Amino acid sequence: IARYEMLEPGHVAPNFTARTPEGDTLSLYSVKGKVKLIDFWASWCGPCRKENPNVLKMYQKYHPKGLEIISVSLDDKEQAWKKAIDEDGLIWKHVSELAGQQSQIAQMYLLRTIPYAILLDVNNVIIDKNLRGSQLQKKVAELLKK
């Protein structure tokens, strides 16, 4: 129960570090933004791929105002992961352990399904989670007006 409570709004999101498509490493806390979105997805996830155009539009609109996105892929095949990023035009930050369902990050965040999104403030405090589509865009717009 305590692990679940630590992932509720008002708590600081746990930090993680993973490999980018370019082969570098990136940590959650190293990414700076007024609002950050951790976006859990995978190339093989139909609902994730369907949501990507919405996330892209939101990123293009709100990135200049302080939105950053860190997509965490649950792929285990590097080529499929990179191909999906390219095909869907996902122009923000990406990481993956290429461990599929065994991802340590997914386990840290007690992930059960994807797509799954977690909104953070500038201090990595969880604001909201599991929003998609217009609900997600509305919440990001509201947070960036402050």
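This is a predicted model: local features need pLDDT of at least 70, side-chain atom pairs count only at pLDDT 80 or more; totals for chains, interfaces and linings use all residues.
Local features are described where pLDDT is at least 70, side-chain atom pairs count only at pLDDT 80 or more, and totals for chains, interfaces and linings use all residues. Residues are numbered from 1 along each chain as its sequence is written, and side-chain values use heavy atoms, with hydrogens and water left out.

Let's begin on the inside. In soluble globular proteins, nonpolar side chains tend to be buried together. Here the largest nonpolar core has 49 residues, and those with the most contacts inside it are Phe 16, Ile 38, Phe 40 and Tyr 109. (A nonpolar core is a set of buried Ala, Val, Leu, Ile, Met, Phe, Trp, Tyr and Cys residues joined through side-chain atoms within 4.5 Å.) At least two residues of this core come from each of E3, helix H2 (46–62), strand E4 (67–73), H3, H4, E6 and helix H5 (133–145). H2 gives the most, with six residues. These helices (H or I, at least four residues) and strands (E, at least two) are DSSP runs, numbered from the N terminus.

Now look at the rings. The whole structure has three aromatic pairs. Rings of Phe, Tyr and Trp (its six-membered ring) pair if their centres lie within 6.5 Å; planes under 30 degrees apart count as stacked, over 60 as edge-to-face and the rest as tilted. The ring centres of Phe 16 and Tyr 109 are 6.1 Å apart and their planes stand at 80°, so this pair is edge-to-face. Phe 16 lies in the loop between helix H1 (2–5) and E1, and Tyr 109 in the loop between helix H4 (104–108) and strand E6 (116–121), so the pair ties together parts that are 93 residues apart in sequence. Tyr 109 also forms a tilted pair with Phe 40, at 5.7 Å centre to centre and 55° between the planes. Phe 40 sits in strand E3 (residues 35–41), 69 residues from Tyr 109.

Beyond its neighbours within four places in sequence, Phe 16 is in contact (heavy atoms within 4.5 Å) with residues including Leu 26, Ile 38, Ile 70 and Val 95.

Next comes His 94, in strand E5 (residues 93–96). His 94 is buried, with a relative accessible area of 5%. Its side chain reaches the backbone oxygen of Leu 90 at 3.3 Å and that of Trp 92 at 3.4 Å.

Side chains of opposite charge can pair when their charged atoms come close. The structure holds eight salt bridges, each a side-chain nitrogen of Lys or Arg within 4 Å of a carboxyl oxygen of Asp or Glu. In one of them, the closest N and O atoms of Arg 19 and Glu 78 are 3.3 Å apart. Arg 19 lies in strand E1 (residues 17–19) and Glu 78 in helix H3 (residues 78–88), so the bridge ties together parts that are 59 residues apart in sequence. Arg 19 is partly exposed at 27% relative accessibility, and Glu 78 is partly exposed at 28%.

Note on methods
Buried means under 20% relative accessible area, exposed over 50%, partly exposed in between (1.4 Å probe, protein chains only). A polar contact is a pair of N or O atoms within 3.5 Å; within protein, one must be able to donate a hydrogen and the other to accept it, and residues adjacent in sequence count only if both atoms are side-chain atoms.
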